[in-house]
Amino acid sequence: MNKTIAVIPGDGIGPEIMAVTLRVLDALDCGLNYDFVAAGMAAMETCGDLLPKATLEKIAEHKVALKGPLTTPIGGGFSSINVALRRHFDLYANVRPVESFPATNARYDNVDIITVRENTEGAYLAEGQTMSEDGEVATALMRITQAGSSRIVRYAFELAMRKGRKKVTAVHKANILKTVSGLFLKIARNIAGQYPQIEFNEMIVDNACMQLVMHPEQFDVIVTTNLFGDILSDLCAGLIGGLGLAPGNNIGERAAIFEAVHGSAPDIAGQGVANPCALLLAASNMLDHLGMVHRGDALRRAIRDTMRHDHDGATPDLGGKGSTESFAAAIGRHIKL
Ligand code: ATP
């Protein structure tokens with residue numbers, strides 16, 4: 001296969017984890033070409049724009065991007081560059097899988113959950129945000145649509161079918177947010193009826209948090225609205241040992257952007273200790289998306305084998321003594337095609 005993808009190295013630890021991720025992808029012999037484009041602070045410094053038009057055009061052209069974390073400066077005119085990218089390409093499905101890996105400091109070893117988060121509406125509209133002149137009253141608009149809820153719930157059920165998963169849980173707060181969350185739940189129930197092969201259950205978000213912490217093994221695929229999905233997916237990352245192992249896939253009809261869930265981690269940038277696994281796992285999901293599931297599986301297996309057999313070589317966040325470079329090199333050596 002010969003395919004070009006857009007690559008955004010990103011800010012903070014981004015360039016460090018991207019460099020080693022591309023090296024591992026090369027070791028997988030995927031036939032990928034990289035078209036490097038800038039966004040975030042890196043783009044601001046080189047061309048005075050946080051999200052240059054040329055970057056958007058390249059993503060549109062290649063339809064697939066691998067993205068490092070981006071820093072959105074305070075007062076930069078964007079509430080978030082990531083949100084702006086998702087909105088520009090209508091990347092409505094934010095798919096965040098978490099799976100237990102061996103030899104981490106995680107509390108559980110039996111977690112295998114995919115959170116499917118609606119990515120374009122809900123509390124992230126950034127519309128209708130007002131503050132009264134006396135600073136006493138703040139408001140924001142939350143909007144859920146039938147079309148938006150239908151496509152995300154359908155995406156979750158189709159994903160469950162495709163991946164042989166057994167159950168979809170719709171997480172909501174319809175008892176309090178009767179209109180916005182109520183509409184989402186009503187649509188989830190309707191669509192669930194069209195997939196009798198998949199078990200469906202529903203859970204109020206506060207209970208879902210407690211259940212995830214106490215009995216995570218009961219969850220398989222979670223589908224939920226934007227804000228709840230953001231929070232729950234970080235909670236899920238915590239169940240498996242932290243953000244260093246959590247990839248995020250942003251999927252739309254016109255483009256797909258694969259990234260780590262974590263941010264630019266300015267506190268450890270430049271030290272060579274950032275865990276590259278979240279971006280590597282995002283890259284493995286990108287390979288699946290490009291029809292190279294065999295190579296995606298090989299990469300996931302290599303990460304797992306490295307952690308099992310060479311735990312001391314992992315980065316400090318996982319309890320090891322390795323560096324970004326040495327950990328990624330070990331993963332590269334464990335690749336078996
Ligand atoms: P942002 O606002 O961009 O989300 P943040 O600092 O609030 O930035 P993260 O960048 O995700 O959030 O970092 C949260 C914590 O997790 C930090 O202590 C950071 O060092 C740590 N962290 C994040 N990513 C990694 C990684 N890949 N490897 C090791 N530690 C990480």
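Does Met214 count as buried, partly exposed or exposed, and what is the relative accessibility behind that label? At 49% relative accessibility, Met214 counts as partly exposed, a class that lies between buried (under 20% relative accessible area) and exposed (over 50%), with a 1.4 Å probe and protein chains only. The model is predicted, so local features need pLDDT of at least 70 and side-chain atom pairs pLDDT 80 or more, while totals for chains, interfaces and linings use all residues. Residues are numbered from 1 along each chain as its sequence is written, and side-chain values use heavy atoms, with hydrogens and water left out.

Met214 is found in helix α7 (residues 205-214); helices (H or I, at least four residues) and strands (E, at least two) are DSSP runs numbered from the N terminus. Together with Met210 and Val213, Met214 forms a nonpolar surface patch with about 280 Å² of accessible area. Such patches join nonpolar side chains (Val, Leu, Ile, Met, Phe, Trp, Tyr) within 5 Å and like charges within 9 Å, from residues with over 30% relative accessible area and no salt bridge. The areas come from the Shrake-Rupley method with a 1.4 Å probe, and for residues only the protein chains shown count as cover.

Turning to charged pairs, the structure holds 19 salt bridges, each a side-chain nitrogen of Lys or Arg within 4 Å of a carboxyl oxygen of Asp or Glu. Asp230 takes part in a salt bridge with Arg96 (3.7 Å, N to O). Asp230 lies in helix α8 (residues 226-239) and Arg96 in strand β4 (residues 93-99), so this pair ties together parts that are 134 residues apart in sequence. Asp230 also forms a salt bridge with Arg117, with the closest N and O atoms 3.6 Å apart. Here the link runs from helix α8 to Arg117 in strand β5 (residues 112-118), 113 residues apart. Asp230 is partly exposed at 22%, whereas Arg96 is buried at 6% and Arg117 is buried at 1%.

A further salt bridge joins Asp305 and Lys336, with the closest N and O atoms 3.9 Å apart. This pair links helix α10 (residues 293-309), which holds Asp305, to the segment after α11, which holds Lys336, 31 residues apart. Asp305 counts as buried at 14% relative accessibility, while Lys336 is exposed at 53%. Asp35, Lys58 and Glu61 are linked in a network of salt bridges.

Finally, Gln197 is placed in the loop between α6 (180-192) and β9 (199-204) and counts as exposed at 53% relative accessibility. Gln197 and Lys166 are 31 residues apart in sequence and 7.9 Å apart in space, C-alpha to C-alpha.
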